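Biologist: I have the model open and want to walk through it. Shall we start with the strands?

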Amino acid sequence: MFAREYVEKHLREVVHELGLKWPDKASIETPREKSFGDLACNLAMLLAGQAGEKPRDLAARFKDMMLGRAEKLQSIEIAGPGFLNFTFRPSFWQSIIPVIQKEQEGFGSSDLGRKHKIQVEYVSANPTGPLHIGHGRGAALGDSLARILRFAGFEASTEYYLNDAGRQMYVLGDSVLIRYEQLCGLEAELSPDHYQGEYLQDDARALYQEHGRDLLKQDRESAIALCREKAVQSILAGIKEDLEHFGVEHQVWFSEQGLFDRGEVQKTLEWLQEKDMAYIHDGALWFRSTSFGDDKDRVLQKSDGALTYFASDIAYHHNKFNRGFETVVDIWGADHHGYAPRMQAAVQALGRPAGSLRVILVQLVNLLRAGQQVSMSTRSGEFVTLRQVMEEVGVDACRFIFLSRKSDSHLDFDLEEVKKKSMDNPVFYVQYAHARICSVFAKAAERGIDTGPEPQSLLHLLESQEDLDLLKQLEMFPDMVQAAARNLSPHHISFYLRELAGLLHRYYTVHSVLNADSRELIHARMLLLQATARVLFNGLKLLGVHAPEKM
């Protein structure tokens, strides 16, 4: 049983014995100051009124009752207005090493999710051009989140929503056709609304090699449709290739056009009308979004019969829930922040409870080179692709930097800084911690030092402050995984790993491992390093980042 669970279990027993009710706002947290112990709890202050006692007096009762049953605690102190500060015996922290040794790659996993079916939809970039660095941040976030959810016991499915319907696809086909016409010697020009990227030149050349000048003989609409199909196929193939190289998996590729082809959009609109969630006014079909707190109702189908994106998005989410998902997670760009409440309302209109749709917003990435911003525009074709960034700095660096901050925070990504092999580079800092431990074990093998499992009787030698700091951090890993899963926030893992790596690097500055005072101490410290390497490996794997043995 881990520290927080241990304290909560015994506190709940005490609260029950005193005839009190456990408060919803009770918190058991790691205090900011080490002098306040290992864990702090506000329980006595919350229950003072219910118990009819002063908070400090109630805290004193809790303390006496806890010390009589929680033998793993070394002390309990009462602080301030009635905080309970708990300090564990060193043996409690030392006991985490056998747990890690036993569970190995499973250490940190849990059944928190209890097989809850959850779908994570991410990237979903329009197939109108290559993935850029902004898409990369969403890709890393979605893929890592799915890994974390599965590790925490959820049944997580991953999906890419292919926006292959709508006006932007027509513009794409028209852009390629104009490029084709230019190859045929016609004086055709792209307007500012067309896609300007040079990548469309390749599609135009492929069409010219395959059809010669025959497309000029077709009516323009048919030629645009053919150009659109060619462009989507090549762009989508490039997107899939980039994502595979980036270590990103999508189990399902879902076509928006398929919703229309199967009549699902129209059926969903009819369903909403039957439930009085949609109505016709001035020839248009409106969704009653004001019933769910929106400032005005929203158009689903215009008076000329044209459907809005909102209509197909509702149909898509209807499809998701009909496939059996209990929760769906959408990862969108931050520019969609106003759209999220509208979709939340639509999901409730579909008969799903509030909270069954969770939207994660991803802020833009400011791409820099030596401090200078690199301009990007998808439609103008002036952008650095994700593939170019991967080739320049590597997949591991890309993924770790993308996940190094909360997704709704702006992120500066300096290509030159990320390539540096220095302790100021966060991905190098964490990966080097793992490689450093592997180097110790390699040197131990060279010296003929046995690195096999040692008896647990040696663990009591891990009693210095640096030993205990590392052990406490290792013990926190399962909590961090659960926090990341609950909050849908992989950055919890990257923060944790940087702190763990920092403790490991500081450990080296204070303690010798292979030159320790005794054989027993050497082996005890190697057990600690081995456990640290395992947690670094497990944490990096959740981020989709490798744990190198050499650097």
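Biologist: How many bridges pair strand β2 (residues 39–41) with strand β4 (residues 83–88)?
Modeller: Helices (H or I, at least four residues) and strands (E, at least two) are DSSP runs, numbered from the N terminus. Two strands pair if DSSP finds at least two bridges between them. β2 and β4 run antiparallel, and the number of bridges is three.

Biologist: Before we go on, which pLDDT do side-chain atom pairs need to count?
Modeller: Residues are numbered from 1 along each chain as its sequence is written, and side-chain values use heavy atoms, without hydrogens and water. This is a predicted model: totals for chains, interfaces and linings use all residues, local features need pLDDT of at least 70, and side-chain atom pairs count only at pLDDT 80 or more.

Biologist: Which strands lie at the edges of the open sheet of four strands?
Modeller: The order is β1-β2-β4-β3, with antiparallel pairing. Inside it, Cys41 has Leu84 of β4 as its bridge partner. Two strands pair on one side only: β1 (28–29) and β3 (73–79).

Biologist: At what angle to β4 does helix α1 run?
Modeller: Axes are lines fitted to C-alpha atoms, for helices over the stretch in contact, and angles run from 0 to 180 degrees between N-to-C directions. Contact means heavy atoms within 4.5 Å. Helix α1 (residues 3–17) lies across β1, β2, β3 and β4, and its angle to β4 is about 125°.

Biologist: Which residue in the hairpin of β8 and β9 takes a positive phi?
Modeller: β8 (residues 278–281) and β9 (residues 284–287) pair antiparallel over four bridges. Ile280 has Leu285 of β9 as its bridge partner. Two residues sit between the strands, and the one with a positive phi, near 55°, is Asp282.

Biologist: What stands opposite Trp286 in β10?
Modeller: β9 also pairs with β10 (residues 298–301), in the antiparallel sense over three bridges. Opposite Trp286 stands Val299.

Biologist: Which residue of β14 stands opposite Leu368?
Modeller: The open sheet of three strands has the order β14-β13-β15, with mixed pairing. Its edge strands are β14 (372–373) and β15 (411–414). β13 (residues 365–369) and β14 run antiparallel, joined by two bridges. Opposite Leu368 stands Gln373.

Biologist: What angle does α6 make with β13?
Modeller: Helix α6 packs on the sheet and touches β13 and β15. Helix α15 (residues 395–402) also lies across β13 and β15, running at about 160° to β15. For α6 and β13 the angle is about 120°.

Biologist: Is Asp143 buried or exposed?
Modeller: Asp143 is found in helix α6 (residues 133–151). Its contacts, beyond four places in sequence, are Tyr122, Gly247, Val248, Glu249 and Arg399. Buried means under 20% relative accessible area, exposed over 50%, partly exposed in between (1.4 Å probe, protein chains only). Asp143 has a relative accessible area of 5%, so it is buried.

Biologist: How are α18 and α19 oriented to each other?
Modeller: Their axes lie 9 Å apart, at an angle of about 170°. Angles under 35 degrees count as roughly parallel, over 145 as roughly antiparallel, 65 to 115 as roughly perpendicular and the rest as oblique. The two helices are therefore roughly antiparallel.

Biologist: How many nonpolar residues are in the contact of α18 with α19?
Modeller: Ala, Val, Leu, Ile, Met, Phe, Trp, Tyr, Cys and Pro count as nonpolar, Asp, Glu, Lys and Arg as charged, and the others, Gly among them, as polar. The contact has three polar residues and four charged ones, and the nonpolar count is 15.

Biologist: How far apart in space are Leu514 and Arg447?
Modeller: Leu514 sits in the loop between α19 and α20. At 12% relative accessibility, Leu514 counts as buried. Its contacts, beyond four places in sequence, include Arg447, Ile522 and Met526. Leu514 and Arg447 are 67 residues apart in sequence, and their C-alpha separation is 9.3 Å.
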